[in-house]
Amino acid sequence: MKSEATASELENILELHGVTRRSFMKLCGAIVAAAGVSGLTVPRVAQALEQSVIGAKEGNLYPVIWLEGASCTGCTEAFAQLRVPDPASLILEMISLNYNDVLSAGAGESLEEAKSQTIAAGNYILVYEGGILQEWGGYATRIGGRPSTEILTEAARDANAVVALGSCAVNGGWMAAHPNPSNACGVQQYLTQAGISTPVVNVPGCPANPEWLVSILTDVVVMNSLPQLNDQNKPASLFDQTIHDLCPRRGHFENGEFVRQYGTKEESENYCLYAMGCRGPQTRAACPITLYNDRRSWCVDAGAPCIGCCEANPNDPGDNWVEVNAPFANRHRKLRIGDWQFEPQTLCLAITGILAVCLVIHGFGMKKAGRLDGNVRFEKKRRWDAKHPDRSIGDYDEPLTIIHEDGTKETVPAGTNLPGVPESDEAWKKQHAAQVAAKKADKKGGRK
Ligand code: SF4
Ligand code: SF4
């Protein structure tokens with residue numbers, strides 16, 4: 001009886017949002033497949049969502065505080081573009097967004113008061129967007145005269161979890177690119193330094209896909225657990241496979257079919273964008289599965305190479321997508337030694353040039369030393385040392401022990417010409433020519 005009432009109540013709510021039961025179940029499937037709610041099936045997610053929707057209707061909303069650090073608010077903008085009415089918006093109605101600089105209707109002291117009350121009540125989620133600018137005491141970004149670092153510390157300490165949303169929040173993003181004058185870093189690194197142990201879920205992307213945030217909130221709000229995280233504290237189901245492995249153009253890559261110029265037949269046939277700089281092979285994210293813009297399309301599908309915006313190492317601000325991947329149109333990143341940047345091809349050419357010069361110098365040296373006559377002859381004493389006895393750097397004319405074929409040993413005094421080694425260059429040349437002639441004769445004899 002109770003379940004019938006719940007089902008019809010849910011249908012009323014869905015209807016109010018213009019959502020059909022079919023699209024609701026489709027959403028549940030998408031959550032299980034793409035967002036990876038731990039170990040659940042579609043019917044279980046559907047049941048959990050139904051119960052939560054009813055709970056939300058009864059006023060049990062999950063409080064969320066959304067703070068901005070150094071950001072362009074692009075992640076907020078992407079989140080706000082979730083189509084309404086939409087199944088995802090239904091889930092978002094299970095949360096109470098108590099504070100958001102951009103979206104909240106309130107402002108000033110009343111909004112700050114709402115945040116303080118939420119923190120004091122506890123049991124909330126903190127979403128943090130933007131990088132942490134540590135330089136200048138954190139005052140480069142401030143609200144109400146307080147540095148954003150202080151605001152983050154205060155809000156993160158008692159949160160159930162912090163979602164670092166977008167690549168800037170994960171590791172400072174483009175602000176952390178060399179030379180990083182503001183000493184930008186990500187939320188995880190900053191909180192670790194501050195000794196705050198609240199779990200951090202890193203969700204990179206520029207902007208982060210709003211559907212990913214919805215899936216994480218679903219995990220937390222509906223299932224009361226965090227998603228399974230990988231070693232960089234990113235949801236494993238979203239960030240453990242490369243774009244390349246999931247890309248529908250992968251077959252063209254395997255066949256060696258590439259777009260090398262826009263406006264060509266290859267481009268119109270959706271060939272692989274690797275040659276145009278696509279960073280799909282080194283970028284881990286589920287973009288080809290979850291898609292953007294209400295699950296319509298994604299970068300490569302729209303004809304643009306992936307620029308690897310989801311690559312962000314939370315433990316290393318220097319390992320950010322701009323620093324590692326720019327310039328985006330090139331296949332390879334630039335190499336850096338201090339402030340000096342250069343293309344990998346430049347390094348290869350420089351090494352090849354140096355080797356070529358060394359070989360030429362070596363060749364001239366060999367020629368000058370008379371060692372280009374087909375073989376290298378043994379020298380009793382190096383010519384240079386013989387000519388410059390006063391500047392010799394060592395004694396090369398030491399006694400030499402020779403082992404004969406029958407195993408007997410013979411010590412030859414220093415300065416002795418070795419058996420079989422001609423005294424003069426002329427004699428050496430004659431002996432060498434005779435050896436070559438004998439070898440040729442042997443070969444001819446062998447052929448007969
Ligand atoms: S377009 Fe990019 S991600 Fe897709 S197959 Fe080519 S290189 Fe891989
Ligand atoms: S496909 Fe690449 S550039 Fe596009 S959103 Fe995903 S990670 Fe970023």
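1. Leu 291 sits in the loop between helix H15 (287-290) and H16. Although Leu 291 is not a glycine, its phi is positive, at about 60°. Is this residue buried, exposed or partly exposed? With 17 other C-beta atoms within 10 Å, Leu 291 is partly exposed, because a residue needs 20 or more to be buried and 12 or fewer to be exposed. Please keep in mind as you read on that this is a predicted model.

2. You will find Thr 73 in the loop between strand S1 (62-68) and helix H4 (74-80). Its count is 18 other C-beta atoms within 10 Å, so Thr 73 is partly exposed.

3. Now step back to the whole chain. The protein contains 19 helices and 13 strands. Of its 448 residues, 33% count as buried. Among the contacts with a separation of 6 or more, 68% are between residues 24 or more positions apart.

4. What lies in the largest nonpolar core? This core has 73 residues, and those with the most contacts inside it are Leu 126, Tyr 128, Val 163, Ala 164, Leu 165 and Leu 213. Helix H10 (residues 210-223) gives the most to this core, with seven residues. As background, nonpolar side chains in soluble globular proteins tend to be buried together.

5. Helix H17 (residues 344-368) is hardly covered, since the count of buried residues among its 25 residues is zero. From first C-alpha to last, H17 reaches 36 Å, close to the 36 Å expected at 1.5 Å a residue. Gln 345 is found in this helix, and it counts as exposed because it has 10 C-beta neighbours inside 10 Å. Its C-alpha atom is separated by 9.4 Å from that of Lys 334, 11 residues apart along the chain.

6. Next, the two ligands. Ligand 1 is surrounded by 14 residues, the closest being His 244, Cys 247, Cys 272, Cys 278 and Gly 280. Helix H12 (243-246) and helix H13 (250-255) are the elements that give two or more residues to this shell. The shell around ligand 1 divides into 10 nonpolar, two polar and two charged residues. Around ligand 2 the residues include Gly 205, Ile 243, Trp 298, Cys 306 and Cys 310. That shell has nine nonpolar, three polar and no charged residues.

7. Finally, check two peptide bonds. Cys 206 and Pro 207 are joined by a cis peptide bond, with omega about 0°; Pro 207 is in the loop between strand S9 (200-203) and H10. Another cis peptide bond joins Ala 326 and Pro 327, where omega is about -5°. Pro 327 lies in the loop between helix H16 (321-325) and strand S10 (335-337).

Methods. Residues numbered from 1 in each chain as written. Chains lettered and ligands numbered in written order. Predicted model: local features only at pLDDT ≥ 70, side-chain atom pairs only at ≥ 80, totals over all residues. Near = placed C-beta within 6 Å. Helix = DSSP H or I, 4+ residues; strand = E, 2+ residues; numbered from the N terminus. Nonpolar A, V, L, I, M, F, W, Y, C, P; charged D, E, K, R; others polar. Core = buried A, V, L, I, M, F, W, Y, C linked by C-beta atoms within 7 Å. Expected span 1.5 Å × (residues − 1). Contact = placed C-beta atoms within 7 Å.
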